[in-house]
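Me: I have a model open and would like to learn how to read its features one at a time. Could you take me through them?

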Amino acid sequence: MRMTDNMRFNTAVTSLFNTQSQYYGLMEKMMSQKKVNRASDDPVAAMKIIDIRQGIAANEQYLKSIVDTDAWISITESKLSAANDLLVNAQEIAVGQSTATASAASRKIAAQNVQSLIDEMASLANAQFGNRYIFSGSR
């Protein structure tokens, strides 16, 4: 087969373009410092990268959920402790007024104190954390 000048020229130009393309590919890898810049560079590695990124995103979401839940538990614990204190106060008032020495006036004052404790308990029961009620049972 005879090699014409046109064939030699086309072969040289094709070779130059291939070399230039490889050069640009290497420069891109060097500049980005990444082995895989697009999925076509290495499809298997690109899938692994996607899987790793999804795993990282899932772990970040788990961590956020843990932090939110920890805060919710702390607030709930403090509200339950406050509710316990209110119940202890109510019990002390009830025990104090259960004796024969308690008068109608002292029982009326005690009833007002117990009512204020009930109001405080209702306020605690209606407390919210974010968009959730603390004592609602649904999260």
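Me: Is Glu-28 buried, partly exposed or exposed?

Reply: The classes rest on relative accessible area: buried is under 20%, exposed is over 50%, and partly exposed is in between, with a 1.4 Å probe and protein chains only. Glu-28 has a value of 29%, so this residue is partly exposed. Keep in mind that this is a predicted model, where local features need pLDDT of at least 70, side-chain atom pairs count only at pLDDT 80 or more, and totals for chains, interfaces and linings use all residues. Residues are numbered from 1 along each chain as its sequence is written, and side-chain values use heavy atoms, with hydrogens and water left out.

Me: Where is Glu-28 found, and which residues is Glu-28 in contact with, leaving aside neighbours within four places in sequence?

Reply: Its place is in helix H1; helices are DSSP runs of H or I with at least four residues, numbered from the N terminus. Contact means heavy atoms within 4.5 Å, and beyond those sequence neighbours Glu-28 is in contact with Asn-37 and Arg-38. Ala-83, by contrast, is 55 residues away in sequence and 64 Å away in space, C-alpha to C-alpha.

Me: What does H1 reach from its first C-alpha to its last?

Reply: The expected span of a helix is 1.5 Å times one less than its number of residues. H1 has 28 residues and reaches 40 Å, close to the 40 Å expected. For H2, with 55 residues, the reach is 80 Å, close to the expected 81 Å. The 22 residues of H3 (residues 104–125) should span 32 Å, and the end C-alpha atoms are 31 Å apart, which agrees.

Me: Which residues of H3 are buried?

Reply: They are Ala-110, Leu-117 and Leu-124. Seen down the axis of H3, the buried residues fall within an arc of 25°, so they line one face of the helix; the arc is that of the directions from the helix axis to the C-beta atoms. They pack against H2 (43–97). On the other side of H3, Ala-104, Ala-105, Lys-108 and Ser-123 are exposed.

Me: And which residues of H2 are buried?

Reply: H2 has Ala-45, Ala-46, Trp-72, Thr-76, Ala-83 and Leu-86 as its buried residues.

Me: Last topic: what volume does the largest pocket have, and which residues line the pocket?

Reply: Rolling a probe the size of a water molecule over the atoms shows where empty space is left. On a 1 Å grid over the protein atoms alone, a pocket is an open set of points where a 1.4 Å probe fits, with protein on both sides within 12 Å along at least five of seven lines; lining residues have an atom within 4 Å of a point. Grid points are joined across faces, edges and corners, and a volume is the space filled by probe spheres set on the points. Here the largest pocket has a volume of about 150 Å³, and its lining includes Lys-34, Asn-37, Arg-38, Ala-46 and Arg-53. The lining divides into five nonpolar, one polar and four charged residues; Ala, Val, Leu, Ile, Met, Phe, Trp, Tyr, Cys and Pro count as nonpolar, Asp, Glu, Lys and Arg as charged, and the others, Gly among them, as polar.

Key:
Helices (H or I, at least four residues) and strands (E, at least two) are DSSP runs, numbered from the N terminus.
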